[in-house]
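Subject: Structure handover

Hello,

Here is the structure I promised to pass on. Please open it first, then read the notes below.

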Amino acid sequence: MALQLNFTSKVFDIETISFRGHSEQVVRGGRHLFPLLPKAFEGVKQVGVIGWGSQGPAQAQNLADSLEGTGIRVKVGLRPGSSSMEAARQAGFREENGTLGEMFAVVAESDLVILLISDSAQAELYPEVFKNLRPGATLGLSHGFLLGHLKNEGAKFPANVNVIGVCPKGMGPSVRRLYVQGKTVNGAGINSSFAVEQDIDGRATDLALGWSVAIGSPFTFKTTLESEFKSDIYGERGILLGAVHGIIESLYDRFTAQGMSREDAFLNSAEAITGPISHIISKQGMLGVYEAVGADGRGQFEAAYAASYPAAKEILAEIYDEVSSGNEIRSVVLAGERLKAHPMGKIDGTETWKVGAKVRASRKEDAIPLNPFTAGVYIATMMAQIDVLIEHGHPYSEVANESVIEAVDSLNPYMHARGVAYMVDNCSTTARLGSRKWAPRFDYILTQQAYVAIDEKAPATAGLVASFKEHEIHDALAECAKLRPSVDIFVE
């Protein structure tokens, strides 16, 4: 049973969208709503943005730009001596004008505290953050990780503060880049979910919606912090990062074993996924890819899909269990101390990614093949992730964003421009740990089960391809597409 997530707003218009009888409410964003922000932020004189990782620079700059002229100050809080101090100054936040300071001092003086330090740092520092929150203030999170950690610890948020979440469905650089593009195309941005964990004064919903509009979200849908951390941590271990990493490794090895050159193997695996397959899904949905491979390619697509779906779903069901039980959060917290002695290495030194760097350097976009086998494997894994989330009651807007939209409209374009290895090596610690842990599992199960079944012409599970064609997610994606801004993200 999906979550019931109706909400009301005194500030913003709410739209209702329907996914085959499942109704959800959203707020459509855009710069025309910026005049409403003072009302949404009523009672807030200072927004403290704590941290300068992936989301910190984007959200601090977007909020400062959107709230300019309102009298609401945006102040960045960092640890004393932080290496990020100079980067924050370069972005316009400075001690002398009161927009940059020590993190706990900024927490103590802010009406809205947006906590964007790393997950492991939140687990370590939350008692001090809670101690410094002013009674009646609002704690804002862009990830439900801290809630999951508190559940593991048997701890709770302070009872005298609001607790809200605004969770962009994309990496921080995407949040900033599309906001900047939105100066010329109204509504360009990264979708966000919002959650209200505690509302002590009746202002929490409108403050969360105002925050989401101010960072440039084209549309905002409601979830809960618990649903968010389960779908988010699960998704980055799945199709958003871990699975796509493992899929590409498995396909590259398969194609080279079949006699393709190394360059062609990379083109037909990584480049096909982050290029044409993602482009088509973004604009025409997954069925658009099925149509685009043509009559000659559908047999390969269907064979790859039917063999890969059950294999991928086995791993994805396990990942969901590990996330929902708190085990993945525990593993991230445990890694905090370990990584000080044993930092994570990089993946870009293996053959796949070395070849990929050369291929991308001489890339011709119109020469990238739409490989039907690759499309079948990738979309089967995406659909398996979708089904696991639906089976656990996640709202359709969250399912669509965490499994499809975030992949093809935010992460995959960055992977296409800079490389999958670059993304794996430069994302958040939580995501990097998850990719390194689960990508080999996807590689293994596809190679050892799915591809063996195809090569041995084992009977496929009846009805899998038919279920894909008739799946309700296609309607959900079509509804979400109506809210999509016309601009595509631009990555240099």
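Contact here means heavy atoms within 4.5 Å. Keep in mind that this is a predicted model.

Start with Thr138. Thr138 sits in strand β7, which covers residues 138–141. Thr138 is buried, and its relative accessible area is 0%. Leaving out residues up to four places away in sequence, Thr138 touches Asp111, Leu112, Val113, Asn162, Ile164, Arg203 and Leu207. With Asn162 there is also a polar contact between the side chains, at 3.2 Å.

Next, the nonpolar cores. The largest one holds 121 residues. Within it, the residues with the most contacts are Ile281, Met286, Tyr305, Tyr378 and Ile379. Helix α15 (residues 372–391) contributes the most to this core, namely 13 residues. Take Ile379 as a way in. Beyond its neighbours within four places in sequence, Ile379 contacts Ile281, Met286, Val289, Phe301, Tyr305 and Phe468. There is also a second, separate core, with 39 residues. Phe93, Ile114, Ile164 and Leu207 are among them. Ile164 and Leu207 were also on the list of residues that Thr138 touches.

Now helix α7, residues 172–181. Of its 10 residues, 7 are buried, so α7 is largely enclosed by the rest of the structure. The buried ones are Gly172, Ser174, Val175, Arg176, Leu178, Tyr179 and Gln181. What lies over them? The cover includes α2 (55–66), β8 (162–168), α8 (204–214) and α16.

Two helix pairs deserve a look. Packed helices are described by the angle between their axes and the distance between the axes.

On the α16 side, the contact uses Tyr396, Val399, Ala400, Val404 and Ile405. On the α20 side, Ile473, Ala476, Leu477 and Cys480 meet them. By class, this contact has 9 nonpolar residues, no polar ones and no charged ones.

The second pair is α9 (residues 225–237) with α13 (residues 327–341). Their axes cross at roughly 70° and come within 11 Å. Here too, α9 is roughly perpendicular to α13. Phe229, Ile233 and Arg237 of α9 make the contact with Glu328, Ile329 and Val332 of α13. The classes are 4 nonpolar, no polar and 2 charged.

Two single residues remain.

Arg432 lies in helix α18, residues 429–455. Is Arg432 buried or exposed? With a relative accessible area of 16%, Arg432 is buried, because buried means under 20%. Setting aside neighbours within four places in sequence, Arg432 contacts Met344, Gly345, Val424, Asp425, Asn426 and Cys427. Leu241 and Arg432 are 191 residues apart along the chain, and their C-alpha atoms are separated by 8.6 Å.

Lys457 is in the loop between α18 and α19 (464–470). Lys457 is exposed, at a relative accessible area of 72%. Its phi is positive, about 55°, although Lys457 is not a glycine.

That is the tour.

Best wishes

Notes:
Residues numbered from 1 in each chain as written. Predicted model: local features only at pLDDT ≥ 70, side-chain atom pairs only at ≥ 80, totals over all residues. Heavy atoms only, no water. Helix = DSSP H or I, 4+ residues; strand = E, 2+ residues; numbered from the N terminus. Nonpolar A, V, L, I, M, F, W, Y, C, P; charged D, E, K, R; others polar. Core = buried A, V, L, I, M, F, W, Y, C linked by side-chain atoms within 4.5 Å. Buried < 20%, exposed > 50% of the residue type's maximum accessible area, 1.4 Å probe, protein only. Axes fitted to C-alpha atoms, helices over the stretch in contact; angles between N-to-C directions. Parallel < 35°, antiparallel > 145°, perpendicular 65-115°, else oblique. Polar contact = N/O pair within 3.5 Å; in protein donor to acceptor, adjacent residues only side chain to side chain.
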